Amino acid sequence: MAAVWQQVLAVDARYNAYRTPTFPQFRTQYIRRRSQLLRENAKAGHPPALRRQYLRLRGQLLGQRYGPLSEPGSARAYSNSIIRSSRTTLDRMELQAQMNRAVYEDRPPGSVVPTSVAEASRAMAGDTSLSENYAFAGMYHVFDQHVDEAVPRVRFANDDRHRLACCSLDGSISLCQLVPAPPTVLHVLRGHTRGVSDFAWSLSNDILVSTSLDATMRIWASEDGRCIREIPDPDGAELLCCTFQPVNNNLTVVRLQDTCSPRAGMLGLEGCLGAPDYKVGNAKHNVHVMNISTGKKVKGGSSKLTGRVLALSFDAPGRLLWAGDDRGSVFSFLFDMATGKLTKAKRLVVHEGSPVTSISARSWVSREARDPSLLINACLNKLLLYRVVDNEGTLQLKRSFPIEQSSHPVRSIFCPLMSFRQGACVVTGSEDMCVHFFDVERAAKAAVNKLQGHSAPVLDVSFNCDESLLASSDANGMVIVWRREQK
């Protein structure tokens, strides 16, 4: 029954090389979505004649859009040969999308404004505005198990609607489930002897990696909350942030080591990241690539920065790493996929002496504004949006948005779904105890929404995979899950 739908997928896969040649990651997303739709249609049991007619029409439409295939022959002739290797083709395309570096140089400088071509897509989405789409209002649930201690990081699991985790300066990590009602705390991960500064989900969500002010990194099993491995810092230094390498997710993780520095006070660490004993002159300021299977540093995977590294982010293919420090600089590193080696590439001084507390990378801002971008929080009372202009991670400022941030480690994110609507949304915490939504493509009055409910500075925000829920955490340990208003 599904044979014709597999042939349709084969036609799509054959033409996929013609789609967005400079954006391989989009081709992978497109063909996987097509595969999902075709599998659902196959279950519907349409008559064979209708399926064959659809196959012919699909081939004709693709031929009109992209021209004839490079190899002559009927659709049936080449479809049969491709079907046999369709799984291998999809895997190879996905690997190629991950391994190839995105090409930045050919894009025109400056902001890319969505065009009228988006009108059809907007109609598919119901023609609702960006403000309507991000009309979060009601509180779905409030978690207070970490009350009185800051929660510097909250994250939904990857591609998951209802699994959430948050770390606290009380030294623990909570794994929460939002459905079935009522929401519950599944596991509390205990083992760190000081505050947990950061954590990250693996791509398959089976493990978490956490960093702590107790100078250790721990690896946890998310299913039962077991600590699988503890990795001490060789110098006994505090660990402040971590991230998975997006392609080699099972083997490598980038972490930070640093001894205490007098500049830590600028970030309000006494109230938000514990009260470290300051030491003068012996800060390490290192970024390390770790093999989480062995617990050892990767040879050539270390680099020294000018200050305490507070934020890390990879681009989607995993070739570029950005690191932000407490002296106001953002460094880009080239990551060698084969060896894990880091090579320092570029440095941008955002503002001398203003700690960079959050970095979020996005390959496209929206479907119509295909501008690789970096979203940065620094203690400037501004949220900053930068354009990535080349393959070495050079940054160019596009926009800034007013928020309150002068001392706390506030974080921000891009909305996870590429919008069918004109515009693109980003969300940030703020010291004014609110969650702010901004449309990065709106020339004036960029504020889309503001959520009020916290009683302390909002430190972090996180969407679930379909943007139906948003979680935010604050400096008093409160985690609020907001639900999107249903029209």
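Hi everyone, let's start with burial: of the 487 residues in this protein, 55% are buried, meaning under 20% relative accessible area with a 1.4 Å probe and protein chains only, while exposed means over 50% and partly exposed lies in between. A quick word on the source: this is a predicted model, where local features need pLDDT of at least 70, side-chain atom pairs count only at pLDDT 80 or more, and totals for chains, interfaces and linings use all residues. Residues are numbered from 1 along each chain as its sequence is written, and side-chain values use heavy atoms, with hydrogens and water left out.

Now, the overall picture. The protein has eight helices and 28 strands; these are DSSP runs numbered from the N terminus, with helices being H or I of at least four residues and strands being E of at least two. A contact here means heavy atoms within 4.5 Å. Take the contacts between residues at least 6 apart in sequence: 58% of them join residues at least 24 apart.

So what sits inside? In soluble globular proteins, nonpolar side chains tend to be buried together. We call a set of buried Ala, Val, Leu, Ile, Met, Phe, Trp, Tyr and Cys residues a nonpolar core if they are joined through side-chain atoms within 4.5 Å. The largest one in this model has 17 residues, and Tyr 134, Phe 136 and Val 427 are among those with the most contacts inside it. Strands E23, E24, E25, E26 and E28 each supply at least two residues of this core, and E26 gives the largest share, three residues. Setting aside residues up to four places away in sequence, Val 427 touches several others, including Val 435, Phe 437 and Phe 463. There is also a second, separate core of 15 residues, which includes Val 298 and Phe 331.

Why is E15, residues 320–325, largely enclosed by the rest of the structure? Because six of its six residues are buried. Leu 320, Trp 322 and Gly 324 lie on one side, with Leu 321, Ala 323 and Asp 325 on the other.

Who are its neighbours? Strands pair if DSSP finds at least two bridges between them. E14 and E15 run antiparallel, joined by five bridges, and Leu 312 stands opposite Ala 323. E15 and E16 are also antiparallel with five bridges, and there Gly 324 faces Val 330. The E15 and E16 hairpin has three residues between its strands, and Gly 328 in the turn has a positive phi of about 90°.
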